[in-house]
Amino acid sequence: MNLQDILQAFEAWEAVAGEYKRLLQTTGALGADMNWTIMSELIDRMTDARDHWLDMSQRYCDEMAQRKSTP
């Protein structure tokens with residue numbers, strides 16, 4: 001694993017968060033009710049993407065700490 005992998009995972013989370021933001025903005029601008037099915041799906045996708053990105057980040061940090069502590 002490297003920093004590029006972590007960046008790609010973060011960008012995947014950003015993309016889903018961007019979809020969610022656009023949905024909120026569009027719905028708000030139209031004064032419409034939120035489509036809760038779509039909103040729930042996007043929240044699930046954002047959660048999965050965030051968890052993946054954070055897991056990769058933690059594993060990278062753990063690997064770097066282990067390398068520094070191993071003579």
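This is a predicted model: local features need pLDDT of at least 70, side-chain atom pairs count only at pLDDT 80 or more; totals for chains, interfaces and linings use all residues.
I began with the secondary structure: the chain has two helices and zero strands. Helices here are DSSP runs of H or I with at least four residues, strands are runs of E with at least two, and both are numbered from the N terminus. Residues are numbered from 1 along each chain as its sequence is written, and side-chain values use heavy atoms, with hydrogens and water left out.

**Overall dimensions**

I looked up the extent of the chain along its principal axes; the C-alpha atoms fill a box of roughly 60 × 15 × 10 Å. The radius of gyration is 17 Å, whereas a compact globule of 71 residues would have one near 11 Å. That radius is taken over C-alpha atoms, and the globule rule is 2.2 Å times the number of residues to the power 0.38.

Next I checked burial, where buried means under 20% relative accessible area, exposed over 50%, and partly exposed in between (1.4 Å probe, protein chains only). Buried residues make up 23% of the 71 residues in the chain. I then took contacts, defined as heavy atoms within 4.5 Å. Of the contacts between residues at least 6 apart in sequence, 67% join residues at least 24 apart.

**Helix H1**

I tested the length of helix H1, which covers residues 3–30. The expected span of a helix is 1.5 Å times one less than its number of residues. For the 28 residues of H1 this should give 40 Å, and the end C-alpha atoms are 40 Å apart, which agrees.

At the N-terminal end of H1 I found a cap: a side-chain oxygen of Asn 2 lies 2.9 Å from the backbone nitrogen of Gln 4. Just after H1, Gly 31 has a positive phi of about 65 degrees.

I listed the buried residues of H1: Ile 6, Ala 9, Val 16, Ala 17, Gly 18, Tyr 20, Leu 23 and Thr 27. Helix H2 (36–69) is included in what covers them.

I looked at Thr 27 separately; this residue of helix H1 counts as buried, at 11% relative accessibility. Its side chain reaches the backbone oxygen of Leu 23 at 2.8 Å. I also set aside the neighbours of Thr 27 within four places in sequence, and its contacts are then Ala 32, Asp 33 and Met 34.

**Salt bridges**

I searched for salt bridges, meaning a side-chain nitrogen of Lys or Arg within 4 Å of a carboxyl oxygen of Asp or Glu. The structure holds three.

One joins the side chains of Arg 45 and Glu 19 at 3.0 Å, N to O. Arg 45 lies in helix H2 and Glu 19 in helix H1, so this pair ties together parts that are 26 residues apart in sequence. Arg 45 is partly exposed at 31% relative accessibility, and Glu 19 is partly exposed at 31%.

Another pairs Asp 51 with Arg 50, with the closest N and O atoms 3.1 Å apart. I read Asp 51 as partly exposed at 38% and Arg 50 as partly exposed at 35%.

Arg 59 and Asp 55 also meet through their side chains, at 3.4 Å, N to O. Both lie in helix H2, four residues apart, about one turn of the helix. An α-helix has 3.6 residues a turn, so residues three or four places apart point the same way. Arg 59 is partly exposed at 38%, as is Asp 55 at 40%.

**Aromatic rings**

For aromatic pairs I used rings of Phe, Tyr and Trp (its six-membered ring) with centres within 6.5 Å; planes under 30 degrees apart count as stacked, over 60 as edge-to-face and the rest as tilted. A search of the whole structure finds three such pairs. The rings of Phe 10 and Trp 13 have centres 5.7 Å apart and planes at 35 degrees, so that pair is tilted. Phe 10 and Trp 13 are three residues apart in helix H1, about one helical turn. Phe 10 is partly exposed at 25%, and Trp 13 is partly exposed at 25%.

Trp 13 also stacks with Trp 53, at 5.9 Å centre to centre and 25 degrees between the planes. This pair links distant parts of the chain, Trp 13 in helix H1 and Trp 53 in helix H2, 40 residues apart.

Technical notes
A polar contact is a pair of N or O atoms within 3.5 Å; within protein, one must be able to donate a hydrogen and the other to accept it, and residues adjacent in sequence count only if both atoms are side-chain atoms.
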